[in-house]
Amino acid sequence: MSHKPLSPKKSCDLLAPIEAWFELQGWKPLPFQRQCWQAYLAGESGLIQVPTGSGKTYAAVMGPIAELLAEPSPCLRLLYLTPLRALSRDLALAIQRPIEAMAWPLRVGIRNGDTSSYERGKQLRSPPEILITTPESLSLLLANPKAPALFSSLQVVVLDEWHELMGSKRGSQTELCLSWLRSQRPGLRTWAISATIGNLDEAAHTALGDGSKPRLITTAITRATEIRSLLPESIDGFPWAGHLGLRRYEDLVAALEPGVSTLLFTNTRNQAERWHQCLRYACPEMEHALALHHSAIDRAEREAIEAGVKAGALRWVVCTSSLDLGVDFQPVERVVQIGSAKNVARLLQRAGRSAHLPGGTSQVLFMPTHALELLELSALRRGLAAGLVEERRQPNAPIDVLLQHLTSLACGPGFEPSQALAEVRTAWSYRKLSDSDWQWCLRFLEHGGDCLGAYPRYRKLVREGNKYVVVEKVIARLHRFNIGTITSNCSVTVRFVRGAMIGHVEEAFISRLKPGDVFFFAGRQLEFVRLREMTAQVKTTSKKSSAVPAWAGGQMALSDLLSRHLRQEVARCARGELDSPELQALEPLLRRQADLSRLPEQHEFLVELCRSREGSHLFAFPFEGRFVHEGLGFLWAWRLARLRPSTITVSVNDYGFELLAPKGYPFEELLELLGDDLLDIEHLAADLEQAVNLSELCRRRFRAIAQVSGLITQAMPGQAKTGSQLQISAALLFDVFHKHEPCHLLLEQARREVIEEQLELPRLQAAIERLASSTWLLQRTPRPGPLAFPLLVERLNNRMSNESVLERVQRLIADASRAEVGSRDAIN
């Protein structure tokens, strides 16, 4: 039933309780909040984008609450979706605050993976009027036969932090859930909330579905962000990744104040562990006011840390993206970003954790981990000043998510095929789903497709009347245990011998440990005792160790937007326009680069050639980001080796790539022979497939797709599979499909994801077109310069040796310094 729009007078009457509560707080509703309330009561749906800490939550929920108060009914009316379980508690407290203060007859419930089975059952028997949940828990509700009754009176869905969900399969999962809810409740309104996204209109249509007319509500509120850099006293002429990091801990400690509540953000969990360990030893007086927070630490401990920050008991917290989103930490006064954020939106999000209230000024202290990150910070400053943030693109109709969604519906109320297809096509990402792909999905779920029909566990759906349902209880139970689109390497639970749980680390790390080995995790020095059934038993120890777990997926690449700004910064340096503190600090390094080689303008493409004891080097600097350089580096290596066969090693970072060939390899001659063919676009896809061993990349990608689609299962009730077992299962299925059904849609999806997401083919193609129209600067250098040196170190990091990376880097620096002195002596 469609919602009937209200007259302005009726809307004002409905909003009277809301206005009364605001007045009780001594607040005055902001104009954008009033706009949201009026738009909701007028029957509209839309997207709210305002800066972090400006009151978005009350803008989204107070209109619906006003309606609930006017038309009381003891059933679920407002569904609030959040991407993080950690946000649920804060959202519940924020919504309960006016309810309790005004004694409104409304109940607020939380339903996620942490909710007890008793509470979940209670919510089904007597639903709260307002339910806060996650996409995974919503999918699980749809897999319950009671779902139609539970959502029969639903009036509105609020999507919190939509920029975080959009652009991932969790966003696709949310879209499909909403498509089913809208089919049950045609008048359902949807409001998405976002703080940092560049493509607002597309984001709104993705949230509201195909055919929607979203209302976009923005505001002129600007949130001031003050960024200060911890500049080193001198910049080494040979920068390398991490060399300004932990070695400069004393500078960071001097800048921190014990009385100032501070979040210290790193980009990876491994970095967070190391910095926490460093600060712990450097500042023993902060032992009880210092904490570590990341997603691998046990939930109970994370909650205790969050409570400690809010209470003011914890002053410094080293964290990762686990605290990026809207957890309300009003006591936090300052944010430290260790290393480049690589992304304008990410920096804005993290900056918003400080002074998290309307009108607050975010304080950010930037700690570079290597010299060239100062270039990135200068680029970030200009990006923020221009008001630009990155765009997010939703995956295009991922089949694995659709298969999971259909199985969920079949476990719950069941679905009629033609009606379900119409529902699915209302989801923005699936609006162009073809009839043939739909029929393939049904055949795959009902019969196991062309290859798996002989195995009952793959014949999941049964036709009963005009509906598809799951009748096997084992299949339904197993599916519910595996709902979700987040896949990762298998993790091992870390637990004290006496029982208390600490967190999770990857199986690959634990498999390298022997009993008695010591490692640092969750802020503790731990000794490995034994591994039992995917649980690592440990005990505390006073033995010292520098071993820290590493987790897959830790590397971040420069966003497309930041890459463009970075090239502008390099061009300013080439013109001598050192107009920011960061560029001025880099002046000695930039001068050395200009002396040895060149600094490119925006229309120029710098390529350096040099020789060393290791062989012949080619360094190229497109400044396009790590992932683009990975594809470009392997493409060049393959095209050069096709003309002159040889073993060529590829090393990449965010600024460029290195090709290392044996001594005497004729890079310069081959560059002249190939000419424009080196940047040929016409055969890009075919050449890239040969260059990067696309089949192997697809095989690895297929494992995650197989998990999401339900082909393989990670979580079994009462047991767990190891990573090797999952990989073997996925590899067998990949080979079977590749041999007997080469057009299998999940194989095609794996290939598409590798090309579009991992290799970023559209961005790679745009980069090649830009480079093809650029003026080449081919420089022959006597030794690697400041831009090239980090690429040497990147390669050393991935090579086995009896020397440590630090020892090898120091030897390279000494060799380069001697060569430079020799050159000056020869000139004199």
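1. The accessible surface of the protein amounts to about 34,200 Å², and carbon and sulfur atoms hold 51% of this area. The model is a predicted one. Of its 828 residues, 57% count as buried.

2. As to secondary structure, the protein has 32 helices and 27 strands. Among contacts with a separation of 6 or more, 75% are made by residues 24 or more positions apart.

3. The largest nonpolar core contains 116 residues. Those with the most contacts inside this core are Phe 151, Leu 181, Leu 618, Trp 636, Leu 659, Phe 702 and Leu 711. Helix 16 (residues 399-411) is the element that gives the most to the core, contributing eight residues.

4. Which residues surround it, once neighbours within four places in sequence are left aside? Trp 636 is in contact with Phe 605, Leu 618, Ala 620, Phe 657, Leu 659, Leu 678, Leu 679 and Trp 776.

5. The aromatic pairs number 20 in total. In one of them, the ring centres of Trp 636 and Phe 657 are 5.4 Å apart and the planes stand at 85°, so the arrangement is edge-to-face. Because Trp 636 belongs to helix 24 (residues 626-643) and Phe 657 to strand 24 (residues 657-661), the pair ties together parts 21 residues apart in sequence. Phe 657, too, counts as buried, at 0% relative accessibility.

6. Phe 702 and Phe 737 form a further edge-to-face pair, with 6.1 Å from centre to centre and 80° between the planes. Phe 702 lies in helix 27 (residues 694-709) and Phe 737 in helix 28 (residues 723-740), so this pair ties together parts that are 35 residues apart in sequence. Phe 702 is buried at a relative accessible area of 0%, and Phe 737 counts as buried at 1%. Elsewhere, Trp 21, Phe 22, Trp 27, Trp 37 and Tyr 58 make up one aromatic cluster.

7. An open sheet is formed by five strands in the order 17-16-20-19-18, with mixed pairing. Strand 17 (501-506) and strand 18 (518-521) are at the edges; each has a single partner strand, so one side of each is left without a neighbour in the sheet. From one strand to the next, the twist averages 40°.

8. Within this sheet, strand 19 (residues 524-532) and strand 20 (residues 535-540) pair in the antiparallel sense over six bridges. Arg 530 has Gln 537 in strand 20 as its bridge partner. Helix 12 (residues 269-282) lies across strand 18 and strand 19, and runs at about 95° to strand 18.

9. Is Arg 567 buried or exposed? Its relative accessibility is 11%, so Arg 567 counts as buried. Leaving aside neighbours within four places in sequence, Arg 567 is in contact with Gln 602, Pro 622, Phe 623, Glu 624 and Arg 770.

Conventions
Residues numbered from 1 in each chain as written. Predicted model: local features only at pLDDT ≥ 70, side-chain atom pairs only at ≥ 80, totals over all residues. Heavy atoms only, no water. Core = buried A, V, L, I, M, F, W, Y, C linked by side-chain atoms within 4.5 Å. Buried < 20%, exposed > 50% of the residue type's maximum accessible area, 1.4 Å probe, protein only. Helix = DSSP H or I, 4+ residues; strand = E, 2+ residues; numbered from the N terminus. Contact = heavy atoms within 4.5 Å. Pairing = 2+ DSSP bridges. Axes fitted to C-alpha atoms, helices over the stretch in contact; angles between N-to-C directions. Areas by Shrake-Rupley, 256 points an atom, 1.4 Å probe, with all protein chains shown as cover. Phe/Tyr/Trp six-rings, centres within 6.5 Å; stacked < 30°, edge-to-face > 60°.
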